[in-house]
Amino acid sequence: MDNKMEGDSDTELLDPFKHSMAEVSSRVDAYKRRLEEKDMQLKMASLSLQSSFCALSFDLIGIRQDIEMLERQKEQHQQLQRELMARLEPDTIEVSTAENGSPKVEINHCKAPEGKDEMVFIRFGPSKCPYQNCRRQMDSQLLLLHYLFDHEQETSGVQQCHRLIEGQRTVLSFQAMNYPFGVNQVLGLLAYCGTVEQQFVQQKSPMRRKVYNSFLPQQHVHMESDIPVVVLMCRTKPSAMLSEKLQARQSHLLDKHTDHIFVIWLVTPNIRRKLNATLYLCGRDAAVMGCSVVRVREVNRSQETHRFMPVDSNYWRLTYAEMQKLSNGFRDELHLEIGLTEVPPT
Ligand SMILES: [Zn+2]
């Protein structure tokens with residue numbers, strides 16, 4: 001009889017003539033317990049639904065806030081664009097063109113927001129970004145902003161902009177063998193801020209603030225008068241400086257990697273102020289060091305090595321053997337120490 005009871009559903013009534021009162025009462029209790037459990041489960045499900053609904057409502061509020069913030073940012077962006085266009089209006093710009101047809105320098109005077117001093121915006125025309133995979137055409141006023149934000153996280157090792165006063169040096173480190181053949185690689189980004197005296201004068205009397213870099217965010221705004229400089233390196237071969245015809249004629253010669261050369265050069269969008277760079281290169285052993293002085297090239301000129309290599313002052317050329325010696329057989333990291341000096345105008 002016990003076995004029969006276990007198999008029965010608790011909804012089935014027990015015959016009081018065949019079962020004891022205790023059995024009938026136990027069946028009723030089991031039925032009540034099951035109903036209570038079901039009721040509890042329903043209440044829990046209802047609570048869970050309510051909390052999901054609340055979470056969804058909060059998500060919706062968050063999405064609405066994000067949309068509002070995006071709309072505000074869009075308005076700010078449009079405002080910045082309008083300001084930029086206003087600055088670039090032809091009737092507010094003095095245009096001076098060099099007689100030899102070199103790029104234009106455009107100067108635009110504008111009262112600073114504080115109202116006391118005058119900001120002088122100096123533009124050097126558009127140029128291609130020197131980063132190999134980018135090559136975006138950029139106005140010189142926007143290049144530093146572009147370098148800092150579009151290339152800051154790249155694997156090329158550019159993590160920060162090294163700010164340099166004349167007389168100071170900065171160090172960029174790299175592994176020479178990590179650089180593929182024939183590809184221009186950026187080693188680092190510098191910002192030249194003049195001599196100590198120039199800095200002092202600028203801070204004491206900012207009556208005519210020269211602005212070379214616009215729209216920098218608050219943490220970089222102190223660099224608006226600096227000259228941005230990009231340091232590049234390319235592993236190539238000496239014949240790269242020959243014309244394409246001559247290169248084709250030499251193509252039958254076997255290209256040995258020990259014939260490769262390493263070319264290091266620097267570029268700036270500032271075509272008005274001429275800079276020279278003093279470069280020192282060493283590995284782990286600081287006693288084994290190479291040194292060279294190059295002029296900083298203009299970024300709006302071609303960055304193809306075969307175009308600028310015929311002029312020696314444009315770049316530092318290191319042979320494979322020299323690099324091998326400095327880097328202890330390409331095992332050590334190399335450290336490029338850089339100092340910048342301004343060439344007085346003639
Ligand atoms: Zn770029």
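Reader: How are the donor residues of the zinc ion spaced in sequence?
Author: This is a predicted model, with residues numbered from 1 along each chain as its sequence is written; local features need pLDDT of at least 70, side-chain atom pairs count only at pLDDT 80 or more, and totals for chains, interfaces and linings use all residues. Side-chain values use heavy atoms, and hydrogens and water are left out. The protein donors (N, O and S atoms within 2.8 Å of the metal) are Cys129 (SG), Cys134 (SG), His146 (NE2) and His151 (NE2), 2.0 to 2.2 Å from the zinc ion. Their spacing is C-x4-C-x11-H-x4-H.

Reader: What is the geometry of the zinc ion's site?
Author: The angles among its four donor atoms run from 102 to 116°. Four donors qualify for the label below if all angles lie between 85 and 135 degrees. The site is tetrahedral.

Reader: How many residues apart in sequence are the parts that Cys134 and His151 tie together?
Author: Helices (H or I, at least four residues) and strands (E, at least two) are DSSP runs, numbered from the N terminus. Cys134 sits in the loop between strand 4 (126-128) and strand 5 (137-139). His151 sits in the loop between helix 3 (140-150) and strand 6 (161-164), so the pair links parts separated by 17 residues.

Reader: Is His151 buried or exposed?
Author: Buried means under 20% relative accessible area, exposed over 50%, partly exposed in between (1.4 Å probe, protein chains only). Cys134, at 23%, is partly exposed. His151 has 4%, so it counts as buried.

Reader: Which residue stands opposite Ile261 in strand 15?
Author: Strands pair if DSSP finds at least two bridges between them. Strand 11 (residues 261-268) and strand 15 pair in the antiparallel sense over four bridges. Opposite Ile261 is Thr319.

Reader: How many residues does the largest nonpolar core have?
Author: Such a core is a set of buried Ala, Val, Leu, Ile, Met, Phe, Trp, Tyr and Cys residues joined through side-chain atoms within 4.5 Å. Phe174, Leu266, Met323, Leu336, Ile338 and Leu340 have the most contacts inside the largest one. Strand 11, strand 15 and helix 7 (320-326) are among the elements that each supply at least two residues. The total is 31 residues.

Note on methods:
Donors = N, O, S within 2.8 Å, 3.2 Å for Na, K, Ca; no water. Tetrahedral: all angles 85-135°; square planar, octahedral: opposite > 155°, others 65-115°.
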